[in-house]
Amino acid sequence: MEPQESTKAALFERIVTPHVEAAWNLTRWLVRDPHDAEDIIQEAYLRAFRSIDDYRGGDAKSWFLTVVRNLCHTFHRKTRAKQMTIALDEQIDVVQENAVMPLEKIEQASDTQQLKLAMERLPAEYREALILREFEGLSYKQIADVSGVPMGTVMSRLARGREKLVALMATTVADEGGTR
């Protein structure tokens, strides 16, 4: 490796590597398919590596998640006509796992599944803001940087997203005939 390439690799390692898990989490929630998410993450690594010389300091996590977010939105534009669903194999696995779980674990899995379904039903801009804030712990300013919107818009999306999530969770429970 040439001296400049090794410097570039070291910079990439320092800036991007600590945020791999956050990038994966955001991508998985935005595209909803693990295989597509893996492809997008690989492309994000490549783009981040190629453009690491353009990084001018600041919040590295926001910088990298912006790359990831933009790729996710590009993916959605390209595949807008496709309806993304959970693979049949994954549904069968969940049914088989639930068949042998103790009641407590079934309830936990049900709550997790309800949350997942409700999150998937949220409009993308609300889902994205909630993932970045609640799962990744980004500040409002960081979310604004990643999303390319004003901080007031971030706060609005978070408030509305939380309201919609609660309503969707209540609807899911009511549809199942439960009272939690």
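Reader: Before anything else, what is a nonpolar core here?
Author: A nonpolar core is a set of buried Ala, Val, Leu, Ile, Met, Phe, Trp, Tyr and Cys residues joined through side-chain atoms within 4.5 Å. Buried means under 20% relative accessible area, exposed over 50%, and partly exposed in between, with a 1.4 Å probe and protein chains only.

Reader: What kind of model is this, and what are the conventions?
Author: This is a predicted model, in which local features need pLDDT of at least 70 and side-chain atom pairs count only at pLDDT 80 or more, while totals for chains, interfaces and linings use all residues. Residues are numbered from 1 along each chain as its sequence is written, and side-chain values use heavy atoms, with hydrogens and water left out.

Reader: Which residues of the largest core touch the most other members?
Author: Val16, Trp63, Phe64 and Leu65, out of the 41 residues in the largest nonpolar core. Helices supplying at least two residues of this core include α1 (3–15), α4 (60–78) and α9 (151–175). The largest share, nine residues, comes from α4. Helices are DSSP runs (H or I, at least four residues), as are strands (E, at least two), numbered from the N terminus.

Reader: And what does Val16 touch?
Author: Leaving out residues up to four places away in sequence, Val16 touches Tyr45, Ala48, Ile52, Trp63 and Phe64. Contact means heavy atoms within 4.5 Å.

Reader: What is the overall fold pattern?
Author: Along the sequence the pattern is α-α-α-α-α-α-α-α-α, with nine helices and zero strands. Of the 180 residues, 34% count as buried. Among contacts with a separation of 6 or more, 70% are between residues 24 or more positions apart.

Reader: How many aromatic pairs?
Author: Four, from a search of the whole structure. Rings of Phe, Tyr and Trp (its six-membered ring) pair if their centres lie within 6.5 Å; planes under 30 degrees apart count as stacked, over 60 as edge-to-face and the rest as tilted. Trp29 and Phe135 form a tilted pair, 5.7 Å centre to centre with 55° between the planes. That pair links distant parts of the chain, with Trp29 in helix α2 and Phe135 in helix α7, 106 residues apart.

Reader: What about Tyr55 and Trp63?
Author: Their ring centres are 5.3 Å apart and their planes are at 65°, so the pair is edge-to-face. Tyr55 counts as buried, at 14% relative accessibility.

Reader: Where does the charged end of Lys8 sit?
Author: Over the ring of Phe49, 5.0 Å from its centre. The criterion is NZ of Lys or CZ of Arg within 6 Å of the ring centre and within 35 degrees of the ring normal.

Reader: Switching to α2, which of its residues are buried?
Author: Ala22, Ala23, Asn25, Leu26, Thr27, Trp29, Leu30 and Val31. Just after α2, Arg32 takes a positive phi of about 70°.

Reader: And Ser62, what does it touch?
Author: Ser62 touches Gln142, Asp145 and Val146, not counting residues up to four places away in sequence. Ser62 lies in helix α4 and is buried, with a relative accessible area of 4%.

Reader: Last one: where does pLDDT stay under 50?
Author: Over residues 81–103, for which the model has 13 contacts beyond four places in sequence. pLDDT is the predictor's confidence in each residue, from 0 to 100. The mean pLDDT of the protein is 80, and 76% of its residues reach 70 or more.
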